[in-house]
Amino acid sequence: MSVLLTAVATLGAIGAGSAAILYMVGQKFKVEEDPRIQEVQDSLPAANCGGCGFPGCASFASACVKAESMENLFCPVGGQDTMDKVAAILGRKAPVVAKKIAVVRCNGTCDSRPRLNLYDGASKCTIASALYGGDTGCSFGCLGLGDCVDSCTFDAIHINPLTMLPEVVEDKCTACGACVKACPKDIIELRKQGPKSRRIYVSCVNKDKGGVAKKACDVACIGCSKCQQVCPFEAITIENNLAFIIDDKCRLCRKCVPVCPTKSILELNFPLRKETPPAPKEEDATVIA
Amino acid sequence: MLKTFRIGGIHPKENKISAGNAIQPIAIPDQVIIPLSQHIGAPCQPVVKKGDNVKVGTLIGKSVGFVSANIHSSVSGTVLKIDKTLDASGYKRDAVFIKVEGDEWESSIDRSPDLKKSCDLVPGEVLDKIAAAGIVGMGGATFPSHVKLTPPPGTKAEILIINGVECEPWLTSDHQLMMEKADEILVGTTLVMKALKVQKAIIGIENNKQDVIALFTQKVKDYAGIHVQPLKVQYPQGGEKQLIDALTGRQISSGALPISVGAVVQNVGTVFAIYEAVQKNKPLVERVVTVTGKEVKQPCNILSRVGIPLSDLIGVAGGLPETTGKVVSGGPMMGKALASTDIPVTKGTSGILIIPTLEAKRNAMKDCIRCAKCVSVCPMGLNPTLLMNLTEYEVWDRAEKEHITDCIECGSCSYTCPADRPLLDYIRLGKGKVNGIIRTRKN
């Protein structure tokens, strides 16, 4: 019996001693953390994708608390709702940021962009692009090996086996930008999602001269500048034989889409066109005035 | 016991089927395309425009920046345009298109075949001539020679090493050049020794070229300070660091240049080009190209002008076999598969290898079985399987610590891997990334 008592007493004494030491150490080295950091972190999506530019949600939360204003701080996954919540916790006001989405600026399907050779090296776009321009005549276009698919933590981008091009799942894409960084050809761009997911963009990144680009791909932008001439809002620039629609200036009037001779400008989620192109909407007109 | 380098190495089947075939000329086509970037470093600035008349040897691209080399016209005719063309990199780069009219050479070039031994230029003048002639390393790396022959301040060259190894299987262009132009190469060697102010030169030749070894052993007796050293056949003995180790026993520390152990290495092709540039005023406008392959009808060594499309050279060798699966520029180990045969010959095109379909296809990648064969063959003493994994998972700081930047991209690891893992593909990618990180850190 006495052995048992001794053991219990000894262990108890060690336990109590250790607890006292731990308590004292805990008091001595106590880290005063702003309780709002935890609160902010709890309201974040915990995807830890790095889309905000910080290593994870925790560091984004502490950056939010430390920052003077909410400018340049945005969680693409949570979107406006989350940022409003974060701003409410911190007693500030979140700036309104338009929701963005990843768009793939290459439409060179197997039909429109014939394969000239066969690549059977390591199945990774970064490796293939370091070796050569790709298995088609276009050295700017998508290689179709799926680095963007591997980089996506939200399962929002997939290679379509028919076209061998990546396609973005609108509901899942959070515009975290991982695929933009992963693509060695700089094809993927984050663009405004637009009202009702309607958006217009030039689905080509080929900077070759028109004839060369057209020879390599039926739907290549040839830099003919027809879209630029027809655009009433000066939203289209032509640089290095390539048209680009500036997101902030585009008012989605759709005038550029039918004039493109190679059909390289895509419109998404718009209602079907009438026979004659519709006149610009009234609200657009007021903007010009 | 023959000398070789100490760490790693492999011995693939040599297949030098075009050995002994005399260097033959090739007809100049109606149009040549001369890329403005045929060397490591900054691309040249074109100094001709559409409609200009050029002769063989006229300067058409002027080097910009320190690491760069001049480019000269290889034909006489009219400049058609300066436009982009697909080159061996697989991307479109600027090039000068020239319509060929006759074959008129610049009057300064001495076209007589006589050997000119004596040279009364001072070392600086020799270097200027090499730079003006646009000589680059012709083993395939195409590093501008005048830069290599100018040791950085604080270093001194002690020994010149001439690379007559040609360790790549299939290729025989250097072999044949050494057989036919032995004296020119030896005079070229003395010129390089003069430019470097060194008294000693060693020519390293692998033991599978007995005829060359015999010829050179005989010839070097007339040239002071030049020695011939037969070497055991081992790939990648033509790598600078491996060759220095094999010939002198000096090892170069990680990240250092060969000059740190007092050695400068030049390829035999380069030395021949230097001879022509210094003694005959002839810029680098042509080179020997081996066209070979298992199913090629007439494997051959062709003296081709720069800018002739590879398809013409393949035509001389009997045309593309029906079974062709891959056309490689260079040898099977370090060469690069081409996207098209319309690509022009450049200063670095040492050979064209045509591989049949059955042999061209890669096997599917399997899991690593940790056999460490890649580790034992790596001539740089690296751990390829680890480096591949580090690249795959983007652990750049660890990859840097594991000396990924020391990789010479010889491909011995991929060659030997029983699981067919694309080790070099990944390591090359990682090496590029890590080099980029180091550069940004320095700036």
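**A pair of helices in chain A, and beyond**

Guide: Let's start with helix α2 (residues 35-43) of chain A and helix α3 (residues 57-66) of chain A, whose axes come within 8 Å and cross at roughly 125°. An angle over 145 degrees would count as roughly antiparallel, and 65 to 115 as roughly perpendicular; the angle here makes α2(A) oblique to α3(A). Their crossing is right-handed. Please keep in mind that this is a predicted model.

Now look at the residues that do the touching. From α2(A) come A:Arg36, A:Ile37, A:Val40 and A:Gln41, and they meet A:Cys57, A:Ala58, A:Ala61, A:Ser62, A:Cys64 and A:Val65 in α3(A). Sorted by class, this contact has seven nonpolar, two polar and one charged residues.

Helix α11 (residues 384-392) of chain B packs with α14(B) at an angle of about 60°, and their axes are 8 Å apart. That angle makes α11(B) oblique to α14(B). The crossing of α11(B) and α14(B) is left-handed. On the α11(B) side you can find B:Pro384, B:Thr385, B:Leu387, B:Met388, B:Leu390, B:Thr391 and B:Glu392, while α14(B) brings B:Leu423, B:Tyr426, B:Ile427, B:Leu429 and B:Gly430. By class, the contact of α11(B) with α14(B) has eight nonpolar, three polar and one charged residues.

Next, see where the chains meet. Chain A and chain B each put 12 residues into their contact. On the chain B side, helix α14 (residues 423-442) gives the most, with five residues. The residues on that side divide into five nonpolar, two polar and five charged.

A tyrosine lets you follow a link between the chains. A:Tyr132 sits in the loop between α5 (125-131) and α6 (147-151) of chain A. It has 22 C-beta neighbours inside 10 Å, so A:Tyr132 counts as buried, the cut-off being 20 or more. Apart from its neighbours within four places in sequence, A:Tyr132 is in contact with B:Gly90, B:Tyr91 and B:Ala339.

Finally, let's visit a core. In soluble globular proteins, nonpolar side chains tend to be buried together. The largest nonpolar core here has 186 residues, and the members that touch the most others are B:Ile130, B:Ile161, B:Ile274 and B:Leu313.

Technical notes
Residues numbered from 1 in each chain as written. Chains lettered and ligands numbered in written order. Predicted model: local features only at pLDDT ≥ 70, side-chain atom pairs only at ≥ 80, totals over all residues. Contact = placed C-beta atoms within 7 Å. Helix = DSSP H or I, 4+ residues; strand = E, 2+ residues; numbered from the N terminus. Nonpolar A, V, L, I, M, F, W, Y, C, P; charged D, E, K, R; others polar. Axes fitted to C-alpha atoms, helices over the stretch in contact; angles between N-to-C directions. Parallel < 35°, antiparallel > 145°, perpendicular 65-115°, else oblique. Left-handed = near helix turned anticlockwise from the far one by under 90°. Core = buried A, V, L, I, M, F, W, Y, C linked by C-beta atoms within 7 Å. Buried ≥ 20, exposed ≤ 12 C-beta atoms within 10 Å, placed from the backbone.
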